[in-house]
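Subject: Handover of a structure and its findings

Dear colleague,

Please find the structure below, together with its sequence. My notes on what was found in it follow directly after.

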Amino acid sequence: MGDDKRPGRVALVVHPTRPLDETLETVTGWAERHDIGLVQLVLEGTGDRRVAPPGTLEAGDLVVALGGDGTVLSALRATAATGVPVLGVACGSLGVLTAVSADELARDLERMRTGDWTARPLPLLAVSAPGCPDDWAINDFVVVRRGAGQVIAELTVDDERYIRLAGDGLVVATPAGSSGYSMAAGGPLLSAGSQAFVCTPVAMHGGCAPPLVVRADATLAVEIHPSYAGFDVEIDGHTRPCQALSYRLTMREEAVRLVTFSPSYQGLTRLRERGLVADSPRILARDRRDLVSQRDA
């Protein structure tokens, strides 16, 4: 991306199955009007759908991810080595990582062209394990039991034991990922920019281990003792073939950039729009009464 923040080319990442015809017409029409090149990044896990000539990332590109949070995650992983910004467009759903909905896209592409946007850096979780390639997560690292039985895990923070747990597994999430699986398992929300990550046990069988917020400069060690059925390790929703029993997780400096149109973005508005965060029913009932009173006045 140039100093003036105007994209020199658009690189598309598309959901493999969602209806995208109108959204694609918006992007291609905008690119043609402004003489901006258009290519498609063909990535693992995004299917065989082809909507533009294939290409690779170049300096000055803007990546536009059409789909939902999973599509945005694929796009972010593809840009990690270059720092190219990703504009997430929600097509058919509301995502936490998507900056705009499909019907807002025409307006916000113009904002991109005029430089009226902000790149929000996202921290990553670095994952290392003996005998496995180093990896990293934008959203979360998950250990989950496979089949019957439980998985036993010991969690240590900077060599200080936190808990030995038996249950369905655990989720270690970044601030961006804290509103996903971690929240569903009872974990806290971390607002954008929090210098921390969170470890949340999943369906722990007895004992007491509330979700643990871990300082950004600490190291979380996970030692796994699987049952006879085994376990799976998932990174950003994708199962990894590595079956190590020992993992070390640390927060990395921001290596990916997500487009936002709010310099003070905290990630809370999208949570409310999706209904993941909702006001107390008493407050909503009061709002309805006030609305009726205003109408009758």
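Leaving aside residues up to four places away in sequence, Asp135 touches Arg77, Leu125, Ala126, Val127, Ile235 and Arg240. Please bear in mind that this is a predicted model. Asp135 is found in strand S7, and with a relative accessibility of 19% this residue counts as buried, because the limit for buried is under 20%. One of its contacts is polar: the side chains of Asp135 and Arg77 are joined at 3.0 Å. Asp135 also belongs to a network of salt bridges that links Arg77, Asp135, Asp236 and Arg240.

The count of salt bridges comes to 15. Two of them share Arg111. In one, the side chain of Arg111 meets that of Asp108, with an N to O distance of 3.6 Å. Both residues lie in helix H3 (residues 105–113), and because they are 3 residues apart, about one helical turn separates them. Arg111 is partly exposed, at 23% relative accessible area, whereas Asp108 is buried, at 1%. In the other, Arg111 meets Asp116 at 3.0 Å, N to O; Asp116 is partly exposed, with a relative accessibility of 40%.

A further salt bridge brings together the side chains of Asp168 and Arg145 (2.6 Å, N to O). Asp168 counts as partly exposed at 24% relative accessibility, and Arg145 counts as partly exposed at 30%.

Turning to the cysteines, which of them are joined in a disulfide? The count is 1 disulfide, and it joins Cys132 to Cys242, with an S to S distance of 1.6 Å. Cys132 lies in the loop between strands S6 (118–128) and S7 (135–137), and Cys242 in the loop between strands S16 (238–240) and S17 (246–260), so the pair ties together parts that are 110 residues apart in sequence. The torsion about their S-S bond is about 65 degrees, so the disulfide is right-handed. Both Cys132 and Cys242 are buried.

Cys199 is buried, at 2% relative accessibility, whereas Cys208 is exposed, with a relative accessible area of 64%.

Yours sincerely

Key
Residues numbered from 1 in each chain as written. Predicted model: local features only at pLDDT ≥ 70, side-chain atom pairs only at ≥ 80, totals over all residues. Heavy atoms only, no water. Disulfide = S-S within 2.5 Å. Helix = DSSP H or I, 4+ residues; strand = E, 2+ residues; numbered from the N terminus. Buried < 20%, exposed > 50% of the residue type's maximum accessible area, 1.4 Å probe, protein only. Polar contact = N/O pair within 3.5 Å; in protein donor to acceptor, adjacent residues only side chain to side chain. Contact = heavy atoms within 4.5 Å. Salt bridge = Lys/Arg side-chain N within 4 Å of Asp/Glu carboxyl O.
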